[in-house]
There are 2 protein chains.
Amino acid sequence: MDDRTYTVDAEPGERVTVAGWAHEIRDLGGIAFLIVRDQTGKIQVKFAPDEMDESLVQTGTNVSRESVVSVTGAVEEEPRAPTGVEIVPESVEVLAPADPELPLDPTGKVDADLSTRLDNRTLDLRSGESKAIFEIRSTVLNAVRDYFRSVGCTEINTPKIVATGTEGGTELFPLTYFGQEAFMNQSPQLFKQLMVGSGLERVFEIGPIFRAEEHNTPRHLNEATMIDFESAFIDHHEAMDVCEGTLRAAYEAVETDCHEQLETLDLTDSFAVPQQSFPRLTYEEAIERINATGELDEQLVWGDDLPTEAEKALGDDVGGHYFITDWPSEIKPFYIQDYDDDPQLSKGFDLMHPRMELVSGGQREHRHDELVAGFEQQGLDPEAFEYYTKMFRYGMPPHAGWAYGVERLVMTMLGLSNIREAVLFPRDRQRLSP
Amino acid sequence: MDDRTYTVDAEPGERVTVAGWAHEIRDLGGIAFLIVRDQTGKIQVKFAPDEMDESLVQTGTNVSRESVVSVTGAVEEEPRAPTGVEIVPESVEVLAPADPELPLDPTGKVDADLSTRLDNRTLDLRSGESKAIFEIRSTVLNAVRDYFRSVGCTEINTPKIVATGTEGGTELFPLTYFGQEAFMNQSPQLFKQLMVGSGLERVFEIGPIFRAEEHNTPRHLNEATMIDFESAFIDHHEAMDVCEGTLRAAYEAVETDCHEQLETLDLTDSFAVPQQSFPRLTYEEAIERINATGELDEQLVWGDDLPTEAEKALGDDVGGHYFITDWPSEIKPFYIQDYDDDPQLSKGFDLMHPRMELVSGGQREHRHDELVAGFEQQGLDPEAFEYYTKMFRYGMPPHAGWAYGVERLVMTMLGLSNIREAVLFPRDRQRLSP
C-alpha cells in the first residue's frame, strides 16, 4: 500500500494510486468531481459518465464525505482544477466508508466549539488549522532537542511515579502503587539535579508532568509536556542563554520548515523569530517599571508576587520576551540559590512572554547544609527527601537549569487563545477522556 | 563558569581552568598528584611543594575524594601522566567537599550491588560503565527519532492519565483524578491509532508507560519508556520494515558515535550492527522449528503461546533478530486485524532478540463493526471505549504499527543482565524511590 503517491507529488503524465479521504463531491450534472485529501494536500478526480464505466462513476460519486478511498488513474493537466491537475480514474476503492452524519465538519467550513473538537480529535485534525498546530508542535520539539544536542546535553528519562512530590504534598495526584501511596510527579526537578551531580553534567528531558491544580483556565493544564534542562558548572545567566537558544531555535525551525502551516494559520505576515537578546530585568526593575505604567490599581511593593495584570502591563511595555531575575528568595522554591551577599535575593529567573510566564529557572543550591536549611524554611521535611539531599554530601557541582511547557511555547508562538488547542488530548478538571 | 576547559581538550602550552571531581589523590612524598575527572575524561594535577605555595599544595592534596574542585594552571606535556599532559596549578578551589565516607566507590574499583547503586545513582553514574550505558541510551533515542523523521513521521504526545486502560482493567495503576477514578496509561496504542485517522497519517511517540504487573524479573519494569509507531496506509510487513529500520539506525548510531562508551563497556569487539534483513518466520514455522530443536520437554501445538524456553531455543537456533508473524488471533489483542480468508490467523507480529521479545506490532483492525466484534470476543465492553470505536465510523484508513521499550533495546544491544541497568530510576514492586 505504500507504493501510493501522495497527492502533492502527482505529476501530469503519471499513472498513480492516491489514497485519502473523500473531502468533497461536486456533481455538476454530466460531470462530477471527487476531491481526495491526504496529509500533503488535495487532488481532483474527474468522473465523466460518457468516458468511463458506469459502476466506477457510481462508486466515486456516491461515496460519503470523509470515507477513505483509494483511486488509481492517469494524472492530467487541468488548469481549472484547484491544483492544476486531476486524475482520470481507472479504479476507485472505498477502504472505509464514513457515516453520512459527522460530529463535526472536518473541512472547517462549519465552526465547532472546542469541546466538540476535543471529543472528536480524529476528525478535528483533518482540518488544516488543527493539523498545522500539531505539525508545528512536532517541529518545535525536534528543534529544541537538536539545540540541546548542540550544547552537549545527554537526554534522560526520570520516573513519573514517585514517593514524594517535588515541592511537598500539594497539587499532586495520589496513586496506589502495589499497596503503597505514591504520586504522579509534578516535575523532574529533583531527579535532573541528581543527574548533573553524576558523570552526565548536562541533561535534558522532554516528558509529561502532572499537576492537580484546581483552576480551570485557558492557560493551565493538569497534564503537560515539560522541556527540562539542567547543567553543572553554569550559573543562572548561562542557563538563560541556553533557554533563549532553545526558543530561538524553535522559532527558526518553524520559520524555515513550516511555511505551509503558518499560511494555513494565517500567520505568514505576523510570525517573526525574536531577533534580539531578551532583556533581563531584575525583579526590582520590573516592579518599578510596572508601577510606572500606572496600569495597576495598587502599587506593587518589594516582596509581592506579580499578579496577572502586572505581567500584562509589563509585557505590553516591553513588547517581547524578557527575563525577570533576582527574585525575592521567599517566593522562589527551596532549591533556588540565594545571593551570599544578600540572602533576601535569589538567583531564580522567569522568562516572560508578553502574554504570560513561559519559563522558570535558576541557579540551584548545591551546598548540602544550605539546601537542608532551605527545606526547613519552607516548612518541608528534609527526611522525606533524603534520597535527594543525601547526594549533596558527595560533591554536587554548582548548577543551574530551567523548565517550560511545550504547550505554552506553542500557544504564545501561534497566538492561540486556549492552551488546549496545543494538546491533542488535554486533561483538565472536567476532561479525563478521550 | 562555562569558560572552563573540559579535561579532554586541555592542550600543552595552554593556561586552563578545569572543573570536576577529585577522582584520586596520589601522594608520592615530595610530589603529589590529584586526578580531576569530568564528563570527558581525567587530567593529572601536579603538586610539588618545592615549586609552589604551601597552602595551594595543602588544598589540592587534602581534598576528599569526589569533592568538586576547580583548578587553574598551565598544561604541560608529561609522558608519564595517564593522558600525556598534566596541569601545574596556580589555584585550586574546592567548590563542594564530599563526605570522606561514600556509599559506593564511583571509580568502580570496589563492586557494589545493584540495589546500592540504584539508591545512589548520582555516584553510580560517575563510574565509566553506568555513564556509558546512559550516553548510549541517549544516542539510541536520538537515532530512532531521526529515523522516524526520515520516513515522514509527526511526533505526538498522548495522555498518561486515562479513564480506561488499553486492554481493559488489568494491570493498571489506579489514581484519583479530582474525585474520579482514573488510571496511568499502559500504552499509547488507542490514541496513536486515533491520530493516524486524522490528518497526521504517520506518527511516533516516545514516552513513559505504566504496567502494574506483579512479577519482579530481570527483564520487566513497572514504568518504562516506550517507542511507539503507527502509520496509515501501510500493512504489517511495511510496519516491520520501519521497525527494522529504527533498530538498525540505533545500532549504527552507537557504532559511529559511541566508540569510547563501547570500549568502556568492553564491547568494542563484540558489538555489531545487524547486517541482514531480519528473517520473518510465521508462527507455524516458528513452532515447527522450536519442536525440531528438541529443547522442550513437551512439543508445542498450534495455538500455544511461546514460553520463555521456546523463545530461547528458537533464538539460539536463528542466532539473531527475527520476526514471528501470523499469530493465532486468540493470543493477540482485539485491535489486531485477522486475515479475511483465515480468521484464526492474525496480522500481528513480534520482533524477537535471541534473548527475549523486543517488539509487538501488527496490522490493525480499521473496520468499525469488526473492531467492536473483537472487543466482545475478548470479553471487553465496547461502551467503555466509545471515544475510540466511534472514530472508526468516520473513515479510519488501513493502518499498522508497533511499540518497543527503549530499555529492552539497550539491554539486548549491550548484553546487560538486568533491565534496571538501562533505567536511571527503575520502578518495580519493591522500588518506588529514589
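How many residues does the contact take from chain A and from chain B? The contact (heavy atoms within 4.5 Å) takes 96 residues from chain A and 96 residues from chain B.

This is a predicted model, in which local features need pLDDT of at least 70 and side-chain atom pairs count only at pLDDT 80 or more, while totals for chains, interfaces and linings use all residues. Residues are numbered from 1 along each chain as its sequence is written, chains are lettered from A and ligands numbered from 1 in the order in which they are written, and side-chain values use heavy atoms, with hydrogens and water left out.

**Interface**

Buried area is the accessible area (1.4 Å probe) that two parts lose on being put together, summed over both. F178(A), F233(A) and L432(A) supply a larger part of what chain A buries against chain B than any other three residues.

| Item | Value |
|---|---|
| Area buried between chain A and chain B | about 8300 Å² |
| Part of that area on carbon and sulfur atoms | 60% |
| Part of chain A's buried area from F178(A), F233(A) and L432(A) | 10% |

The rule finds 6 salt bridges across the interface of chain A and chain B, a salt bridge being a side-chain nitrogen of Lys or Arg within 4 Å of a carboxyl oxygen of Asp or Glu. One salt bridge joins the side chains of R4(A) and E201(B) at 2.6 Å, N to O. Helix α4 (residues 128-150) of chain A gives the largest share of the side of chain A that touches chain B, 9 residues; helices (H or I, at least four residues) and strands (E, at least two) are DSSP runs, numbered from the N terminus.

**Barrel in chain B**

In chain B, 5 strands close into a barrel in the order β1-β2-β3-β5-β4, with mixed pairing; two strands pair if DSSP finds at least two bridges between them. Strands β1 (residues 15-27) and β4 (residues 68-77) of chain B pair in the antiparallel sense over 7 bridges. T17(B) stands opposite T72(B) in β4(B).
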